[in-house]
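Please prepare a briefing on the structure shown below.

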Amino acid sequence: LRITTESIVPGMEIHNVCLPPKKTTLQKLKQRLGEIFFPDDPLYRFKNQTWCKKLLLGLQFLFPIFQWGPEYSLRLLRSDIISGLTIASLAIPQGISYAKLANLPPIVGLYSSFVPPLIYSILGSSRHLGVGPVSIASLVMGSMLSETVSPHDEPILYLKLAFTATFFAGLFQASLGFLRLGFVIDFLSKATLVGFMAGAAVIVSLQQLKGLLGIVHFTTKMQFIPVISSVFNHRDEWSWQTIVLGISFLVFLLTSRHISMKRPKLFWVSAAAPLTSVILSTILVLCFKLKTHKISIIGYLPKGLNPPSANMLSFSGPDLALAIKTGIVTGILSLTEGIAVGRTFAALKNYQVDGNKEMMAIGLMNMAGSCSSCYVTTGSFSRSAVNYNAGAQTAVSNIIMATAVLVTLLFLMPLFYYTPNVILGAIIVTAVIGLIDYQAAYRLWKVDKLDFLACMCSFFGVLFISVPSGLGIAVGVSVFKILLHVTRPNTLIMGNIRGTNVYQCLGRYKEASRIPSFLVLAIESPIYFANSTYLQERILRWIREEEDWIKANNEDTLKCVILDMTAVTAIDTSGIDLVCELRKMLEKRSFQLVLANPVGSVMEKLHQSKTLDSFGLNGIYLTVGEAVADISALWKSQP
């Protein structure tokens, strides 16, 4: 289609492009820092309040328990008791299992299901988050620490490093929240997490073949090929009793999980299945202990409260760097999972979870946990889903769960003596299998191939290299994607929709048509040093292609190039140099360069750099439509 300048909306009023209100450098800095660190304006509640009210609001801000505590009722307590006992039935076997996954004594998993939930119930802002050990953080901690220190040859050193790594994980998490640097965890995109968790779930499941097959001598490596090789190289250690017991309870656990997924009202079936499996398997082994000597059991677990472990924190020595690195990696992963889970269930109940407060709550919880024989904990999706479906109303459900764990620690530990290790493996496989989200991977493939690439890099990196390397590859691909968007921004050729003042992409809208003698280009990104050279080359190529099109179609000669800068949200000195150079180059070729709708910050920098002086009166307009109308009228008025 071809459109003439006469068909553009007639009688259009031409507006001046104004500079933003003048501000001092200090005012600009204050506003910019506020947008970076305080986008939610957390102190807005304190405005125009009395000192007593501010004190109360301050307590509620630091300790969310003061928000819902005064309104707590017996009805809410009844719901929280039911949900707390329900998640306790899941947390106890999961705690023991995940501790084994981290190569820690099983009792540490129960310790980690007691102290952290109590602290979170006071500091946390989510009403439904079920706190405790999680599979991914357990796997990462176990794989990273065991690469350097053997949990079997040096158990005390390994335990010290685990507690020290937990302390640094908490310190890192709390620091991110206090300094309001939560955007750091955004580098773990949804695509990378889908691939990472799927890869980790496969590795975790394969590692459980040791317990499910009854293998004694098993590889400590966490890669796909060594694990599979170890399984078949030790076929002589396979125990048919263990295999039968393991497969039977694995089928039972997977069936209960399937029932609960198909019928959400039967959530209690999958929630109670792990503890039921532990009880039944323990009874079976106890009844047939003379005939089941080939089935390995947990053995002795000490009774009593969490022993203090502050004296086991090590802040010196050759392994300190390993503890810090492990703490940061597990801290980021557990923080990402905890906040994502909290926000998911908050959205279902229409309330907000403050990300920075959650970071501080989870961080302080882990720092306190490291001093009370706990390892890294966060909000678990499986536990939180059960908590939500069981009708939890407040964080008191975590207190009820912790109370149930306390009773277990004080009185019930001898009952776990004959619990077979194969059951722990079956519980872990059932828990992590839900992390393999093939539907999400398929959606990534359909929507964004680059996101799918990041997902696959993360998945295969975890599977064939190592868990930390897989995570590093995933983050690297995500950063590369960001750099690609920044350094190679999108540019479009625009056309006018007949009878309107609207300009849209020619390739997208068939109704859009070229304006004779005009080339309208839109830049859809900030103009920085990283993309200024590319943009110059791309704009010149657009001009060359437009001239070729004009010759091929015998159209009017190109006279004016309009840059629609609506989407250019920022510009630096390299970008300003680009604009100046482009204007000079086009001027030598008898083309006029016009800027349309520069935003306030861009306009201000162009003014301060004196760049606007070279554009003259007809070089900058509020809209593309006004630019076309005014310049067309100017050409007509010339003899």
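In which sense do strand β7 (residues 560–564) and β8 pair, and over how many bridges? The two strands pair in the parallel sense, over 5 bridges. The model is a predicted one, in which local features need pLDDT of at least 70, side-chain atom pairs count only at pLDDT 80 or more, and totals for chains, interfaces and linings use all residues. Residues are numbered from 1 along each chain as its sequence is written, and side-chain values use heavy atoms, with hydrogens and water left out.

- Helices (H or I, at least four residues) and strands (E, at least two) are DSSP runs, numbered from the N terminus, and two strands pair if DSSP finds at least two bridges between them.
- Strand β9 (residues 620–621) runs parallel to β8 and is joined to β8 by 2 bridges.
- Leu-595 has Ile-620 of β9 opposite.
- β8 takes part in two right-handed β-α-β units: one consists of β7, helix α23 (residues 573–588) and β8, and the other of β8, helix α24 (residues 600–608) and β9.
- A crossover is called right-handed if, with the strands pointing away from the viewer, the path from the first strand over the helix to the second runs clockwise.
- Strand β8 (residues 592–596) is largely enclosed by the rest of the structure, because 4 of its 5 residues are buried.
- Buried means under 20% relative accessible area, exposed over 50%, and partly exposed in between (1.4 Å probe, protein chains only).

**Overall layout**

- The chain contains 25 helices and 9 strands.
- Of the 639 residues in the chain, 51% are buried.
- Along the principal axes, the C-alpha atoms fill a box of roughly 110 × 65 × 55 Å.
- Domain 1 covers 101–435 and domain 2 covers 490–637, with bounds that come from an automatic or database domain assignment.
- The C-alpha centres of domain 1 and domain 2 are 57 Å apart.

- Asn-350, which is not a glycine, has a positive phi of about 60°.
- The loop that holds Asn-350 lies between α14 (320–348) and α15 (355–370).
- Asn-350 counts as exposed because its relative accessibility is 72%.
- Lys-610, also a residue other than glycine, has a positive phi near 65°.
- Lys-610 sits in the loop between α24 and β9, and with a relative accessible area of 57% Lys-610 is exposed.

**Cavities**

- Rolling a probe the size of a water molecule over the atoms shows where empty space is left.
- On a 1 Å grid over the protein atoms alone, a cavity is a set of points where a 1.4 Å probe fits but cannot get out, a pocket is an open set with protein on both sides within 12 Å along at least five of seven lines, and lining residues have an atom within 4 Å of a point.
- Grid points are joined across faces, edges and corners, and a volume is the space filled by probe spheres set on the points.
- There are 2 cavities of 30 Å³ or more.
- The largest cavity has a volume of about 90 Å³ and is lined by 11 residues, with Arg-514, Ile-515, Pro-516, Trp-549 and Glu-555 nearest its centre.
- Helix α22 (residues 532–553) gives the most to the lining of the largest cavity, at 3 residues.
- By class, the lining of the largest cavity has 5 nonpolar, 1 polar and 5 charged residues (Ala, Val, Leu, Ile, Met, Phe, Trp, Tyr, Cys and Pro count as nonpolar, Asp, Glu, Lys and Arg as charged, and the others, Gly among them, as polar).
- The second largest cavity has a volume of about 30 Å³, and residues lining it include Ile-493, Met-494, Phe-518 and Glu-546.
- β6 supplies the largest share of the lining of the second largest cavity, 3 residues.
- The lining of the second largest cavity comprises 6 nonpolar, no polar and 2 charged residues.

**Second largest pocket**

- The second largest pocket holds about 980 Å³ of space.
- Its lining has 38 residues, of which Lys-100, Leu-101, Asn-103, His-152 and Lys-210 lie nearest the centre of the pocket.
- α18 gives the most to the lining of the second largest pocket, with 5 residues.
- The lining of the second largest pocket divides into 19 nonpolar, 16 polar and 3 charged residues.
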